Amino acid sequence: MIPVSQPHIGQKEKEYVADAVESGWVSSSGAYIGRFETALQSYLGAPHVLSTSNGTTALHLALLAIGVGPDDEVIIPASSFIATVNAVLYVGATPVFVDIEEHAWGIAPDRIEEKITKKTKAIIAVHLYGYGCHIAHVKEVADAHDLWLIEDNAESIGATWQGTRLGTVGDIGIYSFYGNKIITTGEGGAVSTANGDLFERMSILKNHGRKTNGEYIHEMCGYNYRMTNMQAALGCAQLEQIDDFLAARRHIEELYDGMLGTFFTRQIEYPDTAHVMWLYSGLVPVNVGVDAVRVYLKERGVDTRPLFYPMNKMPYMDPSLRSEEYPMATQLYTRGVTLPTFVGLTDRQIETVCEHLQAVCK
Ligand SMILES: Cc1ncc(COP(=O)(O)O)c(C=O)c1O
(Lines give C-alpha, C1' and ligand atoms only; values in the text may rest on other atoms or scores of the structure.)
Protein backbone atom coordinates (compact mmCIF):
# COMPACT_ATOMS: atom_id res chain seq x y z
CA MET A 1 0.00 0.00 0.00
CA ILE A 2 1.33 3.47 -0.87
CA PRO A 3 0.67 5.44 2.34
CA VAL A 4 -0.62 9.01 2.40
CA SER A 5 2.29 10.08 4.51
CA GLN A 6 5.35 8.77 6.27
CA PRO A 7 8.15 10.58 8.07
CA HIS A 8 11.61 10.78 6.55
CA ILE A 9 13.95 9.56 9.28
CA GLY A 10 17.60 9.31 8.17
CA GLN A 11 21.00 8.79 9.72
CA LYS A 12 21.23 12.29 11.19
CA GLU A 13 17.98 11.83 13.10
CA LYS A 14 19.19 8.51 14.51
CA GLU A 15 22.52 10.03 15.57
CA TYR A 16 20.99 13.03 17.31
CA VAL A 17 18.30 11.00 19.09
CA ALA A 18 20.86 8.39 20.20
CA ASP A 19 23.03 11.23 21.49
CA ALA A 20 20.11 12.65 23.49
CA VAL A 21 19.33 9.21 24.95
CA GLU A 22 22.96 8.50 25.81
CA SER A 23 23.33 11.90 27.48
CA GLY A 24 20.71 10.81 30.02
CA TRP A 25 18.70 14.00 29.36
CA VAL A 26 15.58 12.25 28.17
CA SER A 27 12.93 14.53 29.65
CA SER A 28 12.38 18.22 29.08
CA SER A 29 15.83 19.47 30.03
CA GLY A 30 18.86 19.07 27.79
CA ALA A 31 20.85 20.85 25.15
CA TYR A 32 18.72 19.89 22.16
CA ILE A 33 15.69 21.83 23.40
CA GLY A 34 17.41 25.21 23.34
CA ARG A 35 19.19 24.29 20.14
CA PHE A 36 15.91 23.39 18.43
CA GLU A 37 14.21 26.57 19.63
CA THR A 38 17.10 28.74 18.44
CA ALA A 39 17.22 27.02 15.06
CA LEU A 40 13.48 27.46 14.67
CA GLN A 41 13.70 31.09 15.71
CA SER A 42 16.26 31.73 13.01
CA TYR A 43 14.37 29.72 10.35
CA LEU A 44 11.14 31.59 11.07
CA GLY A 45 12.77 34.98 11.66
CA ALA A 46 10.77 35.17 14.90
CA PRO A 47 12.05 37.06 17.96
CA HIS A 48 10.78 34.36 20.37
CA VAL A 49 10.09 30.65 19.92
CA LEU A 50 8.99 28.12 22.51
CA SER A 51 8.78 24.37 21.94
CA THR A 52 5.66 22.58 23.16
CA SER A 53 4.41 19.02 23.55
CA ASN A 54 2.29 19.30 20.38
CA GLY A 55 0.46 21.78 18.16
CA THR A 56 -2.76 21.52 20.13
CA THR A 57 -1.08 22.54 23.39
CA ALA A 58 0.63 25.35 21.47
CA LEU A 59 -2.81 26.65 20.45
CA HIS A 60 -4.07 26.30 24.02
CA LEU A 61 -1.05 28.26 25.34
CA ALA A 62 -1.61 30.99 22.75
CA LEU A 63 -5.24 31.48 23.78
CA LEU A 64 -4.35 31.43 27.49
CA ALA A 65 -1.56 33.95 26.94
CA ILE A 66 -3.84 36.51 25.30
CA GLY A 67 -6.36 35.97 28.09
CA VAL A 68 -9.25 34.38 26.19
CA GLY A 69 -11.85 33.02 28.62
CA PRO A 70 -15.47 31.97 29.10
CA ASP A 71 -17.13 35.25 28.08
CA ASP A 72 -15.15 35.61 24.87
CA GLU A 73 -15.72 34.64 21.26
CA VAL A 74 -12.99 33.49 18.91
CA ILE A 75 -13.42 33.59 15.13
CA ILE A 76 -12.15 30.54 13.27
CA PRO A 77 -12.61 29.03 9.79
CA ALA A 78 -15.18 26.23 9.48
CA SER A 79 -12.54 23.98 7.88
CA SER A 80 -9.51 22.96 9.87
CA PHE A 81 -8.20 20.07 11.90
CA ILE A 82 -10.28 19.72 15.05
CA ALA A 83 -7.51 21.03 17.33
CA THR A 84 -8.26 24.59 16.19
CA VAL A 85 -11.75 24.57 17.67
CA ASN A 86 -10.92 22.34 20.63
CA ALA A 87 -8.36 24.83 21.93
CA VAL A 88 -11.11 27.49 21.92
CA LEU A 89 -13.36 25.13 23.88
CA TYR A 90 -10.57 24.30 26.38
CA VAL A 91 -10.49 27.94 27.54
CA GLY A 92 -14.29 28.01 27.79
CA ALA A 93 -14.73 30.51 24.95
CA THR A 94 -17.29 30.31 22.15
CA PRO A 95 -16.08 29.41 18.66
CA VAL A 96 -17.59 31.57 15.91
CA PHE A 97 -17.23 29.97 12.51
CA VAL A 98 -16.63 31.68 9.17
CA ASP A 99 -16.76 29.83 5.86
CA ILE A 100 -13.64 29.34 3.80
CA GLU A 101 -13.04 30.85 0.38
CA GLU A 102 -14.04 28.74 -2.59
CA HIS A 103 -10.68 28.53 -4.35
CA ALA A 104 -8.02 29.26 -1.75
CA TRP A 105 -9.60 27.41 1.19
CA GLY A 106 -8.54 29.97 3.79
CA ILE A 107 -10.97 31.80 6.10
CA ALA A 108 -13.02 34.23 3.92
CA PRO A 109 -11.77 37.64 5.15
CA ASP A 110 -14.78 39.55 3.84
CA ARG A 111 -17.12 37.35 5.92
CA ILE A 112 -15.30 37.99 9.21
CA GLU A 113 -16.66 41.44 10.01
CA GLU A 114 -20.29 40.29 10.05
CA LYS A 115 -19.33 37.84 12.83
CA ILE A 116 -17.58 40.35 15.08
CA THR A 117 -19.44 41.24 18.29
CA LYS A 118 -18.51 43.00 21.54
CA LYS A 119 -17.37 39.61 22.82
CA THR A 120 -14.94 38.87 20.00
CA LYS A 121 -11.42 38.68 21.35
CA ALA A 122 -9.37 36.95 18.67
CA ILE A 123 -9.21 35.47 15.20
CA ILE A 124 -7.41 32.22 14.49
CA ALA A 125 -6.27 32.22 10.86
CA VAL A 126 -5.42 28.72 9.60
CA HIS A 127 -2.94 28.11 6.78
CA LEU A 128 -4.40 24.93 5.34
CA TYR A 129 -2.50 22.13 3.57
CA GLY A 130 0.61 24.26 3.06
CA TYR A 131 -1.16 27.35 1.66
CA GLY A 132 -1.36 30.72 3.37
CA CYS A 133 -4.83 32.12 4.00
CA HIS A 134 -5.39 35.73 2.94
CA ILE A 135 -3.38 36.85 5.94
CA ALA A 136 -2.95 40.48 4.82
CA HIS A 137 -6.71 40.96 4.66
CA VAL A 138 -7.36 39.03 7.89
CA LYS A 139 -4.76 41.14 9.67
CA GLU A 140 -6.41 44.33 8.39
CA VAL A 141 -9.72 43.21 9.91
CA ALA A 142 -8.06 42.16 13.19
CA ASP A 143 -6.22 45.49 13.45
CA ALA A 144 -9.32 47.53 12.58
CA HIS A 145 -11.25 45.87 15.42
CA ASP A 146 -8.38 45.60 17.88
CA LEU A 147 -8.49 41.80 17.92
CA TRP A 148 -5.66 39.38 18.62
CA LEU A 149 -4.51 37.40 15.60
CA ILE A 150 -3.25 33.86 16.06
CA GLU A 151 -1.92 31.97 13.05
CA ASP A 152 -2.46 28.22 13.13
CA ASN A 153 0.48 27.27 10.97
CA ALA A 154 0.54 23.60 12.00
CA GLU A 155 0.47 22.49 8.36
CA SER A 156 2.44 25.14 6.50
CA ILE A 157 5.85 25.80 8.04
CA GLY A 158 8.06 27.43 5.42
CA ALA A 159 5.22 29.14 3.53
CA THR A 160 5.57 32.92 3.24
CA TRP A 161 3.65 36.14 2.74
CA GLN A 162 5.70 38.91 1.08
CA GLY A 163 8.80 36.93 1.99
CA THR A 164 7.90 36.76 5.67
CA ARG A 165 7.35 33.31 7.12
CA LEU A 166 3.74 32.59 7.93
CA GLY A 167 3.23 32.22 11.64
CA THR A 168 5.14 35.46 12.28
CA VAL A 169 2.60 37.89 10.80
CA GLY A 170 0.03 37.79 13.62
CA ASP A 171 0.54 38.11 17.38
CA ILE A 172 1.31 34.41 17.88
CA GLY A 173 2.00 31.58 15.42
CA ILE A 174 1.68 27.92 16.27
CA TYR A 175 3.32 24.91 14.60
CA SER A 176 2.90 21.11 14.75
CA PHE A 177 5.61 18.50 14.38
CA TYR A 178 3.36 15.44 14.32
CA GLY A 179 4.72 12.50 12.28
CA ASN A 180 2.94 13.50 9.07
CA LYS A 181 4.06 17.14 9.14
CA ILE A 182 6.77 18.81 7.04
CA ILE A 183 9.23 18.30 9.87
CA THR A 184 8.52 15.99 12.78
CA THR A 185 9.53 15.51 16.39
CA GLY A 186 7.20 12.52 16.80
CA GLU A 187 4.67 14.53 18.77
CA GLY A 188 5.61 18.16 19.24
CA GLY A 189 4.84 21.75 18.47
CA ALA A 190 5.94 25.33 18.98
CA VAL A 191 4.73 28.88 19.37
CA SER A 192 6.39 31.97 17.96
CA THR A 193 5.81 35.60 18.82
CA ALA A 194 7.43 39.02 18.66
CA ASN A 195 5.75 40.00 21.92
CA GLY A 196 8.05 39.49 24.92
CA ASP A 197 5.18 39.55 27.45
CA LEU A 198 3.21 36.88 25.61
CA PHE A 199 6.36 34.81 25.31
CA GLU A 200 7.03 35.00 29.03
CA ARG A 201 3.44 34.11 29.86
CA MET A 202 3.50 31.09 27.54
CA SER A 203 6.88 29.96 28.96
CA ILE A 204 5.46 30.02 32.48
CA LEU A 205 2.14 28.40 31.55
CA LYS A 206 3.91 25.62 29.67
CA ASN A 207 5.93 24.69 32.75
CA HIS A 208 3.31 24.34 35.51
CA GLY A 209 3.15 28.07 36.10
CA ARG A 210 6.78 28.05 37.24
CA LYS A 211 9.07 30.95 36.42
CA THR A 212 12.40 29.34 37.26
CA ASN A 213 13.26 25.68 36.88
CA GLY A 214 14.24 24.06 40.16
CA GLU A 215 12.16 26.43 42.28
CA TYR A 216 8.83 25.23 43.60
CA ILE A 217 7.08 28.55 43.70
CA HIS A 218 4.40 28.54 40.99
CA GLU A 219 3.08 31.87 39.75
CA MET A 220 -0.13 30.49 38.32
CA CYS A 221 -1.95 27.24 37.60
CA GLY A 222 -0.06 26.09 34.52
CA TYR A 223 0.34 22.93 32.48
CA ASN A 224 3.00 20.44 31.54
CA TYR A 225 3.22 21.20 27.81
CA ARG A 226 6.96 20.59 27.48
CA MET A 227 8.80 18.91 24.62
CA THR A 228 11.43 16.31 25.55
CA ASN A 229 15.11 16.52 24.70
CA MET A 230 14.74 13.37 22.57
CA GLN A 231 11.98 14.99 20.52
CA ALA A 232 14.02 18.18 20.16
CA ALA A 233 17.01 16.11 18.95
CA LEU A 234 14.80 14.67 16.21
CA GLY A 235 13.58 18.20 15.46
CA CYS A 236 17.12 19.58 15.14
CA ALA A 237 18.02 16.91 12.59
CA GLN A 238 14.80 17.52 10.65
CA LEU A 239 15.07 21.29 10.66
CA GLU A 240 18.60 21.10 9.24
CA GLN A 241 17.06 19.38 6.20
CA ILE A 242 13.85 21.38 5.81
CA ASP A 243 14.91 23.03 2.52
CA ASP A 244 15.62 19.60 1.00
CA PHE A 245 12.32 18.24 2.31
CA LEU A 246 10.41 21.18 0.82
CA ALA A 247 12.21 20.79 -2.52
CA ALA A 248 11.34 17.07 -2.62
CA ARG A 249 7.70 17.86 -1.84
CA ARG A 250 7.66 20.56 -4.53
CA HIS A 251 8.92 17.99 -7.04
CA ILE A 252 6.04 15.67 -6.06
CA GLU A 253 3.57 18.51 -6.53
CA GLU A 254 4.95 19.33 -9.98
CA LEU A 255 4.67 15.71 -11.08
CA TYR A 256 1.10 15.41 -9.82
CA ASP A 257 0.15 18.74 -11.44
CA GLY A 258 1.68 17.71 -14.74
CA MET A 259 -0.08 14.34 -14.84
CA LEU A 260 -3.45 15.28 -13.42
CA GLY A 261 -4.11 18.44 -15.41
CA THR A 262 -7.23 20.34 -14.47
CA PHE A 263 -9.84 17.69 -13.61
CA PHE A 264 -8.53 17.57 -10.04
CA THR A 265 -9.33 21.04 -8.66
CA ARG A 266 -6.45 22.31 -6.56
CA GLN A 267 -6.26 25.03 -3.95
CA ILE A 268 -4.97 28.35 -5.30
CA GLU A 269 -2.31 30.62 -3.90
CA TYR A 270 -2.97 34.24 -2.92
CA PRO A 271 -0.89 36.98 -4.55
CA ASP A 272 2.18 37.71 -2.42
CA THR A 273 2.11 34.30 -0.76
CA ALA A 274 4.31 31.30 -1.52
CA HIS A 275 2.94 27.95 -0.45
CA VAL A 276 4.76 24.82 0.56
CA MET A 277 3.59 21.34 -0.34
CA TRP A 278 2.26 19.61 2.76
CA LEU A 279 -0.36 17.17 1.51
CA TYR A 280 -1.33 17.20 -2.18
CA SER A 281 -5.09 17.70 -2.04
CA GLY A 282 -7.87 18.59 -4.43
CA LEU A 283 -11.52 18.20 -5.33
CA VAL A 284 -12.76 15.42 -7.62
CA PRO A 285 -15.30 16.33 -10.36
CA VAL A 286 -18.85 16.92 -9.08
CA ASN A 287 -20.27 13.88 -10.84
CA VAL A 288 -17.76 11.53 -9.21
CA GLY A 289 -18.29 10.40 -5.62
CA VAL A 290 -15.23 10.97 -3.47
CA ASP A 291 -15.93 7.86 -1.37
CA ALA A 292 -15.95 5.72 -4.51
CA VAL A 293 -12.65 7.28 -5.57
CA ARG A 294 -11.06 6.47 -2.24
CA VAL A 295 -12.30 2.87 -2.28
CA TYR A 296 -11.14 2.40 -5.89
CA LEU A 297 -7.65 3.66 -5.05
CA LYS A 298 -7.45 1.64 -1.85
CA GLU A 299 -8.35 -1.55 -3.73
CA ARG A 300 -5.39 -0.80 -6.00
CA GLY A 301 -2.91 -0.22 -3.21
CA VAL A 302 -3.13 3.57 -2.84
CA ASP A 303 -4.12 5.06 0.48
CA THR A 304 -5.78 8.49 0.58
CA ARG A 305 -7.46 10.66 3.18
CA PRO A 306 -10.55 12.83 3.06
CA LEU A 307 -10.32 16.57 3.56
CA PHE A 308 -11.52 18.05 6.85
CA TYR A 309 -15.13 17.71 7.96
CA PRO A 310 -16.68 21.12 8.84
CA MET A 311 -15.82 21.60 12.51
CA ASN A 312 -19.18 23.11 13.46
CA LYS A 313 -20.88 19.85 12.38
CA MET A 314 -19.09 17.65 14.90
CA PRO A 315 -21.51 15.61 17.02
CA TYR A 316 -20.38 17.27 20.27
CA MET A 317 -20.82 20.85 19.06
CA ASP A 318 -23.61 22.98 20.45
CA PRO A 319 -26.79 22.38 18.38
CA SER A 320 -26.94 26.08 17.49
CA LEU A 321 -23.50 25.76 15.86
CA ARG A 322 -24.27 22.43 14.22
CA SER A 323 -27.29 23.86 12.43
CA GLU A 324 -25.17 26.49 10.65
CA GLU A 325 -24.22 25.82 7.02
CA TYR A 326 -20.87 26.63 5.46
CA PRO A 327 -21.13 25.54 1.82
CA MET A 328 -17.45 25.87 0.94
CA ALA A 329 -16.31 23.96 4.01
CA THR A 330 -18.90 21.30 3.16
CA GLN A 331 -17.67 21.12 -0.41
CA LEU A 332 -14.13 20.51 0.82
CA TYR A 333 -15.32 17.46 2.71
CA THR A 334 -17.76 16.13 0.10
CA ARG A 335 -15.39 16.42 -2.87
CA GLY A 336 -11.92 16.55 -1.39
CA VAL A 337 -9.20 13.96 -1.24
CA THR A 338 -5.53 13.96 -0.27
CA LEU A 339 -3.09 11.89 -2.32
CA PRO A 340 0.15 10.37 -1.03
CA THR A 341 2.69 13.13 -0.33
CA PHE A 342 5.93 12.41 1.49
CA VAL A 343 9.66 12.65 1.02
CA GLY A 344 10.65 9.30 -0.48
CA LEU A 345 7.54 8.88 -2.65
CA THR A 346 8.91 7.75 -6.01
CA ASP A 347 8.06 9.13 -9.46
CA ARG A 348 6.78 5.67 -10.40
CA GLN A 349 4.45 5.62 -7.38
CA ILE A 350 3.12 9.06 -8.35
CA GLU A 351 2.43 7.77 -11.88
CA THR A 352 0.52 4.80 -10.39
CA VAL A 353 -1.60 7.09 -8.21
CA CYS A 354 -2.38 9.34 -11.20
CA GLU A 355 -3.27 6.45 -13.50
CA HIS A 356 -5.80 5.11 -10.98
CA LEU A 357 -7.22 8.54 -10.19
CA GLN A 358 -7.66 9.32 -13.89
CA ALA A 359 -9.32 5.96 -14.49
CA VAL A 360 -11.87 6.37 -11.70
CA CYS A 361 -12.63 10.02 -12.48
CA LYS A 362 -13.21 9.46 -16.21
C1 LIG B 1 -4.48 22.96 11.34
C2 LIG B 1 -3.96 22.20 12.53
N3 LIG B 1 -4.00 22.78 13.73
C4 LIG B 1 -3.54 22.16 14.83
C5 LIG B 1 -3.02 20.88 14.77
C6 LIG B 1 -2.62 20.21 16.03
O7 LIG B 1 -1.32 19.74 16.07
P8 LIG B 1 -0.94 18.43 16.90
O9 LIG B 1 -1.46 17.25 16.18
O10 LIG B 1 0.56 18.50 16.92
O11 LIG B 1 -1.52 18.58 18.26
C12 LIG B 1 -2.94 20.24 13.54
C13 LIG B 1 -2.36 18.90 13.45
O14 LIG B 1 -2.64 18.04 12.71
C15 LIG B 1 -3.45 20.89 12.38
O16 LIG B 1 -3.43 20.30 11.18
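1. Ground rules. This is a predicted model, with local features needing pLDDT of at least 70 and side-chain atom pairs counting only at pLDDT 80 or more, while totals for chains, interfaces and linings use all residues. Residues are numbered from 1 along each chain as its sequence is written, and side-chain values use heavy atoms, leaving out hydrogens and water.

2. The annotated lysine. Lys181 sits in the loop between β8 (172–176) and β9 (189–193). Strands here are DSSP runs of E, at least two residues, and helices are runs of H or I, at least four, numbered from the N terminus.

3. Is Lys181 buried or exposed? Buried, with a relative accessible area of 13%; the cut-offs are under 20% for buried, over 50% for exposed and partly exposed in between, with a 1.4 Å probe and protein chains only. Leaving out residues up to four places away in sequence, Lys181 touches Ala154, Glu155, Ser176, Arg249 and Trp278 (contact means heavy atoms within 4.5 Å). The side chains of Lys181 and Asn180 also make a polar contact of 3.3 Å. That term means N or O atoms within 3.5 Å; within protein, one must be able to donate a hydrogen and the other to accept it, and residues adjacent in sequence count only if both atoms are side-chain atoms.

4. The ligand. It has 14 residues around it, the closest being Thr56, Asp152, Glu155, Ser176 and Lys181 (near means a heavy atom within 4 Å). Ligand oxygens lie 2.5 Å from a side-chain N or O atom of Thr56 and 2.6 Å from a polar side-chain atom of Glu155. The protein covers 93% of the 380 Å² of accessible area the ligand has on its own, by the Shrake-Rupley method with a 1.4 Å probe.

5. Thr184. This residue is in the loop between β8 and β9 and is buried, at 3% relative accessibility. A polar atom of the Thr184 side chain lies 2.8 Å from the backbone oxygen of Phe177. Contacts of Thr184 include Pro7, Ile9, Leu234 and Gln238.

6. Cysteines. How many disulfides turn up? Zero, in a search of the whole structure, taking a disulfide as two cysteine sulfur atoms within 2.5 Å. The closest cysteine sulfur to that of Cys354 is in Cys361, 11 Å away, so too far for a bond. Cys354 is buried at 1%, and Cys236 is buried at 4%.
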